[in-house]
Amino acid sequence: MTNHSRIPAYIYTFTCSPDERSLSKMEMRSFFGFETAGSILKSDIKIDPSRSPFMKGRVDIMFEGESIPDIVEQVKGIHLPDSTFKVLFVKINDLNEEEKIDYDGQREIEREIGWHIQAEADVRNPDQVFGIVPLGGRWYFGEYVKPDAVWLHHMKKPREYSTALSTRVARAIANIAVPHPDGVKAIDPCCGIGTVLVEALSMGINIVGRDINPLVTDGSRENISYFGLEGDVTTGPISEVANNYDVAIIDMPYNLYTHATPEDQLSILKHARRFADRVVVVTIDTMDEMIYEAGFEIADRCVARKGVFSRQVVMCV
C-alpha cells in the first residue's frame, strides 16, 4: 500500500572513518535533533548535502511503498519530455546482511523502475538523477542530490600552520555551531588563520573573526580572500568584543604562537559567556570544571580524532 505524505521528507546517507564517527554523529544531532545508529536517516528538515563533509547524498522523497512494484506504479506518472534521467540504487541503506541486494539485483531494480518513467534514459550524463532506497522496511523514491564537496578546495591554503583544525573538522564544527544559519550571528574570537571562518563563510554563515595575534589575523584575511570570500576579521583581545552573538566558536589557543594558560582559558570562557548565547569549545584538554565555572552548562559533546591525537568538541549553553 502507498502512503503519501503532505510534509516534504528527505533521506540522507553518510560516510565517515572510525576516527570521525563521534564528530559526524554530533553534526547529525545538530542538523536533525537526533542521530541514528547507522549511516542513513529520514527527516523533514532540508539540509544541503554539500554542507557536510560526511553526507553522501540526499533523496528528496516523491513516492514510497512497501515494495518495488508499489514504486513502479507511482513512477508511471513521471513525464520528462525534454529531459534525460537515470535511476540510482542508493547503496547506503539499512538492509541487514541477509537482505542485502547484490550488484546485479541493484541494476535490475534500476532498470525496472526506469522502464516505466516516460523520459529518455541516460546513465552517463543525465539531466535528472532519481534515487531508490530501502529504509525501515519500506522503499523510497525521489530526486537524488549529490553533494558538491567544495571544502576539498579549501584544504590547500596560502597560510597554514600544523596545529590548525583540519578542513573536514572545521566544516563539521561550523555546522554544529550554526546548523540553520538564517538569522544567526556568529563569531570566532580566537580565529587563528581562519580555518573555521573559511568553511563557515563558504556556507553562507554570518560570522566574524577576531584574534589577539596580528600575524594570524593577517593570515586569516589572506586565506578568506584567496577563496573569493568576504569576511570581517579584527585584531584584539576577546575582552574587547562589544557586540552580542548567537553563538561563538572557540578553538582554545594552545600552540607555540598563542599559548593560553588555564587562567587565560577561563578568562576566554567568561568573556564568551558575556557576549554569546551558546559557545562551541574545541579543546585538547578536558575543561568541564572550567566551563561550569564560567557559567555554562554542557549540552552536547564529541571527540574528533586523528590517529592518537584528539580534540574535544563541547557545546556549551
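Analyst: Buried means under 20% relative accessible area, exposed means over 50%, and partly exposed lies in between (1.4 Å probe, protein chains only). This is a predicted model, in which local features need pLDDT of at least 70 and side-chain atom pairs count only at pLDDT 80 or more, while totals for chains, interfaces and linings use all residues. Residues are numbered from 1 along each chain as its sequence is written, and side-chain values use heavy atoms, with hydrogens and water left out.

User: What percentage of the residues of the protein count as buried?

Analyst: The protein has eight helices and 14 strands; these are DSSP runs numbered from the N terminus, helices being H or I of at least four residues and strands E of at least two. Its C-alpha trace spans about 65 × 40 × 35 Å along the principal axes. Of its 317 residues, the share that counts as buried is 50%.

User: Among contacts between residues at least 6 apart in sequence, what share joins residues at least 24 apart?

Analyst: Contact means heavy atoms within 4.5 Å. Taking the contacts in the protein between residues at least 6 apart in sequence, the share that joins residues at least 24 apart is 72%.

User: How many residues of helix α2 are buried?

Analyst: Helix α2 covers residues 68-75 and is mostly covered. Its buried residues pack against β3 (55-65), α3 (103-114), β6 (128-135) and β7 (138-145). Those buried residues are Ile68, Asp70, Ile71, Val72, Gln74 and Val75. Out of eight residues in α2, the buried number is six.

User: Are α4 and α5 parallel, perpendicular or oblique to each other?

Analyst: The axes of α4 (residues 167-177) and α5 (residues 195-202) come within 8 Å and cross at roughly 60°. Axes are lines fitted to C-alpha atoms, for helices over the stretch in contact, and angles run from 0 to 180 degrees between N-to-C directions. Angles under 35 degrees count as roughly parallel, over 145 as roughly antiparallel, 65 to 115 as roughly perpendicular and the rest as oblique. The relation of α4 to α5 is therefore oblique.

User: Is the crossing of α4 and α5 left-handed or right-handed?

Analyst: A crossing is left-handed if the near helix is turned anticlockwise from the far one by less than a right angle, and right-handed if clockwise. By that rule, the way α4 passes α5 is right-handed.

User: Which residues make the contact, and how many of them are charged?

Analyst: From α4 come Thr167, Ala170, Arg171 and Ala174, and from α5 come Thr195, Val196, Glu199, Ala200 and Ser202.

User: How many aromatic pairs does the whole structure hold, and what is the geometry of Tyr10 and Tyr12?

Analyst: Rings of Phe, Tyr and Trp (its six-membered ring) pair if their centres lie within 6.5 Å; planes under 30 degrees apart count as stacked, over 60 as edge-to-face and the rest as tilted. A search of the whole structure finds nine aromatic pairs. Tyr10 and Tyr12 form a pair with 6.5 Å between centres and 50° between planes, and its geometry is tilted.

User: Is the pair of Phe130 and Phe141 stacked or edge-to-face?

Analyst: The ring centres of Phe130 and Phe141 are 5.1 Å apart and their planes stand at 25°, so the pair is stacked. Phe130 lies in strand β6 and Phe141 in strand β7, so the pair ties together parts eleven residues apart in sequence. Phe130 is buried at 3% relative accessible area, and Phe141 is buried at 0%. The geometry of the pair, again, is stacked.

User: Which residues form an aromatic cluster?

Analyst: Two members are buried, Tyr10 with a relative accessible area of 10% and Tyr12 with 0%. The cluster consists of Tyr10, Tyr12, Phe31 and Phe32.

User: Is Arg159 buried, partly exposed or exposed?

Analyst: Arg159 lies in the loop between β7 and α4. Leaving aside neighbours within four places in sequence, Arg159 is in contact with Ile193, Leu215, Asp218, Gly219, Glu222 and Asn223. With a relative accessible area of 29%, Arg159 is partly exposed.

User: What is the relative accessible area of Asp60?

Analyst: Asp60 is in strand β3. Not counting residues up to four places away in sequence, Asp60 touches Ala9, Tyr10, Phe141, Gly142, Glu143 and Val145. Asp60 is buried, and its relative accessible area is 14%.
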